[in-house]
Amino acid sequence: MPKLKNDTLLKALLREPTPYTPIWIMRQAGRYLPEYNQTRLRAGSFLALCRDPDLATEVTLQPLARFPLDAAILFSDILTIPDAMGLGLSFQEGEGPRLERPLRNEWEVRDLTVPDPEDRLGYVLKAVEQTRKALDNEVPLIGFSGSPFTLACYMVEGGGSQDFFRLKTLLYRRPDLLHQILAKNAAAVSAYLQAQIRHGVQAVMIFDTWGGLLSHDAFHAFSLPYLRQVIAALPREWNGQRIPSIVFTKGGGQWLDSLADIGCDALGLDWTTDIGEARQRVGNRVALQGNLDPAVLFGAPSTVRQEVKRILDRYGPGPGHVFNLGHGISPQTPVESVAVLVESVHELSRRDH
């Protein structure tokens, strides 16, 4: 395998020494970029964009043409798995994702099948191959999936929600049914990420976006074990290369000790967690990714730089930090602010390495 020209991200995820702190940005290929909006217009819809490997590759590369980011992340959506399970994904303008056939009955849960990613998600895997080729080993490609619990939230609710009332009702009334859904989701996520690795991604991330909605006990019963199951199913190496794994539970800062023991290489932090305290808690078990508040990018350039310095200072010297936002970048973000962010991280972090 040809060597990566910039493997800073992979080294940081494995807590190996790096010349500076690497940075990539959640949703870095997205609506804050005018070129993305033009490509999406050409595609006709968000879903059409996801399902066209040529266009998915194009938008994956767009932020790298603007900024010296240390990784590309595959352009796709976490709800590709429920869609492949036959739940019928669509996106309504201004409303977000909808599933036409959410899980409402016991027989629907019983009949749910784990999709073969090579068959049902071939368009994603083709995008992985094309993107890897287009990157030409400049930077690594990150693959991803939603977590079993986060996917279940959408599959039961039928879309996004403030409180996921239907999901939580199922959790407390029929926990057995929810566990059935989660077991199938864990098998589906494992198969999907394994396929992404086979087709060329060099790191994987699991987005447990809604794990933070749960109580302490519910998180340890309905999210954590299934995250552990997925991580255990992933190959540690492929073609002689280590494939690092990142787990991000939004709102999960209080469970870092538990999350650090599930076998992943790195944990993502949202902006509500102090990264210095997080580092003390996890010790040498995992690397940390994060955790700038995306709203900082609406501030003046001096503010962006100051907040970058604050997070770098809190983390302190030494390896094991990947700089990122504490959640996805906002569509209203000024492009100039992203340039300041990336430049500041690369410049200011060199003193700590």
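How many nonpolar, polar and charged residues does the lining of the largest cavity have? The answer is six nonpolar, one polar and three charged, where Ala, Val, Leu, Ile, Met, Phe, Trp, Tyr, Cys and Pro count as nonpolar, Asp, Glu, Lys and Arg as charged, and the others, Gly among them, as polar.

This is a predicted model, in which local features need pLDDT of at least 70 and side-chain atom pairs count only at pLDDT 80 or more, while totals for chains, interfaces and linings use all residues. Residues are numbered from 1 along each chain as its sequence is written, and side-chain values use heavy atoms, with hydrogens and water left out.

On a 1 Å grid over the protein atoms alone, a cavity is a set of points where a 1.4 Å probe fits but cannot get out, and a pocket is an open set with protein on both sides within 12 Å along at least five of seven lines; lining residues have an atom within 4 Å of a point. The whole structure has one cavity of 30 Å³ or more. The largest cavity holds about 60 Å³ of space, and its lining includes I197, V204, I231 and D265.

The largest pocket contains about 1400 Å³, a volume being the space filled by probe spheres set on grid points joined across faces, edges and corners. Of its 42 lining residues, R27, R31, F46, D77 and F91 lie nearest the centre. By class, this lining has 22 nonpolar, 14 polar and six charged residues.

The second largest pocket has about 420 Å³. Its lining of 22 residues comes closest to the centre at L4, L10, Q202, Q241 and R242, and consists of nine nonpolar, six polar and seven charged residues.
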